Amino acid sequence: MDIEVIGQKYWLYGIRGTVKDVQKWTSTSVQSSGGSLQRVADGVYHMNAPQISSTTNQHQEFWIVSASGREWKVAGNYDVRAGQTAFVIWGNIKGNNSGYNLVIKNDTTGSTWTNADSLHGKINRSGTGNLTFRYLIAMVIGVLFITITSHPRYYHDGAMYVGDIVVPCIMWILFMMVIGFFHLVRKIRANQKKALSEILNVIDKNPQFVKSLEA
């Protein structure tokens, strides 16, 4: 099925069927930090032991098998068990042959999951170019304003103390870069949320499409 997501032509496809071969396992990663050799006196040293920490990660894989025999492997910690009915929908911008899992739904329980990381970069970057341009303009205007309105000190020989202009300009640019970065991240997250909402809305309004995934 072809749809439009934030101005981009997107294709959607997927599979609906029975959950089978659910496999769960854990893995543990160990990290160490610190640790040093401290000289206390001549020939006397004290060893500070490193701090050891570990993280346990949960993993899961399962298959969805359609009525026609198609199979699709899903990796992720989703609340499913063997025998339940579920569907996965993947997609990408038109022109790309391979797609990525966007929506997973357990029809038996009604639980739905979305994967923002699977959205195409053009979706994430929608409107970010204009946002960046606006911040660059703000930086230039700020630098010009500081330059025009500043009252730099002068040395006895009449030379201008450039730091009175340069330092405020640098501070202004750094400030705008920090604010712009957080604004950019918020914009990307808003794009992802809007895109996934549009995709879910299309799916909800097209039960025939979901039904076709059983073939």
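Trainee: What makes Glu-4 and Lys-9 a salt bridge?

Mentor: This is a predicted model, and in it the closest N and O atoms of Glu-4 and Lys-9 are 3.5 Å apart. The cut-off is within 4 Å, so the pair counts as a salt bridge.

Trainee: Why is Glu-4 called partly exposed?

Mentor: Its relative accessibility is 48%. Buried would need under 20% and exposed over 50%, so Glu-4 falls in between.

Trainee: How far apart are the closest N and O atoms of Lys-211 and Glu-214?

Mentor: They are 3.3 Å apart, and the two residues form a salt bridge. Through shared partners, Arg-16, Asp-107, Lys-211 and Glu-214 are joined into one network.

Trainee: Which residue forms a salt bridge with Asp-2?

Mentor: That is Lys-94, with the closest N and O atoms 3.1 Å apart. The pair links distant parts of the chain: Asp-2 lies in strand 1, Lys-94 in the loop between strand 7 and strand 8, 92 residues apart.

Trainee: Nice! Now helix 2: which of its residues are buried?

Mentor: Thr-128, Leu-131, Tyr-135, Met-139, Gly-142 and Ile-146.

Trainee: How do you know that they are on the same side of helix 2?

Mentor: They cover an arc of only 85° around the axis, so they share one side. These buried residues pack against helix 1 and helix 3, while the face turned away carries exposed residues, including Phe-133 and Leu-144.

Note on methods. Residues numbered from 1 in each chain as written. Predicted model: local features only at pLDDT ≥ 70, side-chain atom pairs only at ≥ 80, totals over all residues. Heavy atoms only, no water. Buried < 20%, exposed > 50% of the residue type's maximum accessible area, 1.4 Å probe, protein only. Helix = DSSP H or I, 4+ residues; strand = E, 2+ residues; numbered from the N terminus. Arc of directions from axis to C-beta. Contact = heavy atoms within 4.5 Å. Salt bridge = Lys/Arg side-chain N within 4 Å of Asp/Glu carboxyl O.
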